[in-house]
Amino acid sequence: MDIFLQLISSGFLVGGIYALIALGFVLIYKATNIINFATGEFMMIGAYIFYSLMVYLELSPFVGFPLVIVCAALLGALVERLILRHMLGQPNISIIMVTIGLSSILLGLAEMIWGSSFRSFPPLFPRKPIILGEIVLRSNLFYGFVMAMVVVAVFLIVFKYAKVGVAMRATANDQVAAFSMGINVKTMFTISWAFGAIAASLGGIIIGNIGGVQPTLGHIGLKIFPIVILGGLDSIIGAVIGGFIVGIVENLAGGYLDPYFYGGVKDLAPFIVLLFILFIKPYGLFGTKEIERL
Amino acid sequence: MSAILEVNNLEVLYNNIILVLKGLSLKVEKGSIVALLGSNGAGKSTTLKAISGFLPLEDGAITDGTIQFLGEELTRLSPHKIVKKGVFQIMEGRRVFEDLTVEENLICGAYTQKKRSKMIKDMDKCFAYFPILKKRYKRLAGYLSGGEQQMLVISRALLATPTLMMLDEPSMGLAPLLVEEIFEIIRQINENEGTTILLVEQNARMALEISNYGYIMENGRIVLDGPVDVLMGDRDVQEFYLGMGHGNEQTSYRNVKHYKRRKRWLS
Ligand SMILES: Nc1ncnc2c1ncn2[C@@H]1O[C@H](COP(=O)(O)OP(=O)(O)OP(=O)(O)O)[C@@H](O)[C@H]1O
Ligand SMILES: [Mg+2]
């Protein structure tokens with residue numbers, strides 16, 4: 001029983017961090033209908049920038065985080081303005097290829113600048129594990145989770161209540177009608193790329209803080225993909241809940257089943273859950289079907 | 001009275017080949033309600049889209065002519081800038097944001113409005129015109145009835161506090177009684193808020209009833225225009241647009257055609 005609780009609770013924490021990264025996908029997809037395959041690389045770049053600020057410039061994390069947010073926003077906005085803006089109206093597959101190309105470019109750049117060796121962050125959080133009754137939670141995981149949840153909550157509030165959030169959702173719903181309200185739809189695209197990049201890069205810092213940074217850190221982005229599809233691609237709540245489901249399933253599968261195989265069940269399990277859910281709900285758990293009034 | 005909107009010799013091309021507007025000209029006087037009438041495919045919606053700057057979104061382009069609003073040229077501006085200048089279009093077919101609540105739709109209407117206090121005051125004004133919207137405030141707009149959606153898109157426009165409000169077929173798909181109510185409110189908006197209105201309609205009778213001036217277009221051009229009482233008295237208008245037969249006479253398209261000729265002589 002205590003193993004079960006242990007697996008569930010650490011899975012829950014991992015899931016919260018996944019949710020933040022999934023948000024990085026969804027924020028961009030919802031407004032622009034583009035699946036950003038460079039999300040993982042946005043994470044990795046965010047983590048490296050943070051690492052450099054901490055280690056080379058020896059800044060405090062309280063300065064480092066805001067600076068990473070600014071850099072990520074710039075990166076996202078520039079990518080949209082310089083690359084994807086010109087792809088408006090092109091076939092989806094071309095746009096996807098562009099984001100895949102972008103991920104290779106970012107990967108290459110990171111290797112050029114930081115090399116391919118593994119680096120770990122200076123300690124950010126208290127080392128002491130968090131103990132709740134029988135459950136022991138690694139401190140980096142726990143504080144990373146708390147951070148992820150704070151960022152997710154901020155995004156949810158902005159999206160739900162801020163004027164820019166309402167305008168972004170309006171744009172996602174009907175671009176022409178959004179224009180007719182005086183909303184600059186292209187600016188909304190830029191902002192959603194900036195937001196997506198911020199979510200991804202903060203997720204990257206949290207992951208980097210747990211497992212260290214190397215150029216391939218972004219490969220975790222592939223794991224996030226089933227989460228996004230599971231939640232329904234354009235649903236923010238879906239991304240959050242999908243994140244928790246995958247985090248927990250993955251941890252349970254890893255804990256209970258991996259000993260019977262050569263490993264790998266942990267990585268496979270989320271996809272099996274994904275297939276199962278899509279079988280029942282083809283638009284994902286919370287994806288938009290068109291509203292149909294009878 | 002001075003014209004706040006002047007469209008001169010407008011030519012519009014879709015997909016680089018389909019010529020839809022062929023030298024259209026019209027004027028809208030400040031504080032008036034102007035009706036733009038014509039049969040299906042005449043180019044009424046295209047005219048409004050040209051004014052609002054929507055054509056590029058549909059692969060259309062203005063190839064000739066000018067659109068002057070309060071002395072400024074609109075033809076090269078992007079749609080959101082045109083809204084900021086005070087021209088707001090209510091598009092054909094009630095384009096509410098279905099996934100947003102009534103409240104959020106209204107907030108979008110007030111997007112160009114800087115002051116929150118003003119927005120809240122304007123919302124109360126909308127609820128005075130359309131009390132039902134207050135009851136539906138938190139509901140998703142996609143689940144409103146057609147009539148309620150029409151009220152919502154008009155309220156969105158009100159919240160933008162435009163100088164010129166353009167409506168594209170507000171009567172489409174609504175029950176006659178409701179159409180009457182909506183038109184009455186359009187008239188009130190014009191009167192109480194001083195909003196100038198350009199109204200595109202199939203329902204010529206209703207539109208002319210509340211308008212001061214009318215334009216009739218066919219095939220991308222204005223074929224007839226005049227103050228409403230003159231138009232209403234015109235036999236061809238009565239026959240073709242108001243559906244009043246003239247008994248023993250043969251109805252013939254030629255009767256309308258001669259206006260085109262006359263128009264050309266005049267211009
Ligand atoms: N995006 C487009 N691409 C190509 N042709 C178009 C486009 N939009 C409109 N047209 C054509 O332009 C002509 C005028 O269309 P428009 O929508 O302006 O007519 P309308 O007067 O509003 O008609 P209705 O009363 O049916 O709404 C039609 O022949 C239509 O097929
Ligand atoms: Mg039309």
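Here is a short chat about a metal site and a chain contact in this predicted model.

Me: What makes B:Ser45 and B:Glu92 count as coordinating the magnesium ion (ligand 2)?
Reply: Donor atoms must be N, O or S within 2.8 Å of the metal. Here OG of B:Ser45 and OE of B:Glu92 sit at 1.9 to 2.5 Å, so they qualify. The two residues are 47 apart in chain B: B:Ser45 belongs to helix α1 (residues 44-52), while B:Glu92 is in the loop between β6 (87-90) and α3 (102-109).

Me: How do you know that B:Glu104 and A:Arg169 form a salt bridge?
Reply: The rule asks for a side-chain nitrogen of Lys or Arg within 4 Å of a carboxyl oxygen of Asp or Glu. This Arg and Glu pair has an N to O distance of 2.9 Å, so it passes. Chain A and chain B have three salt bridges between them.

Me: Which elements of chain A give two or more residues to the side that touches chain B?
Reply: Those are α6 (163-173) and α7 (175-180). The largest share, six residues, comes from α6(A).

Me: How much area do chain A and chain B bury between them?
Reply: About 2,400 Å², with 64% of it on carbon and sulfur atoms. The contact takes 21 residues from chain A and 30 residues from chain B.

Conventions:
Residues numbered from 1 in each chain as written. Chains lettered and ligands numbered in written order. Predicted model: local features only at pLDDT ≥ 70, side-chain atom pairs only at ≥ 80, totals over all residues. Heavy atoms only, no water. Donors = N, O, S within 2.8 Å, 3.2 Å for Na, K, Ca; no water. Helix = DSSP H or I, 4+ residues; strand = E, 2+ residues; numbered from the N terminus. Contact = heavy atoms within 4.5 Å. Buried area = accessible area lost by both parts, 1.4 Å probe.
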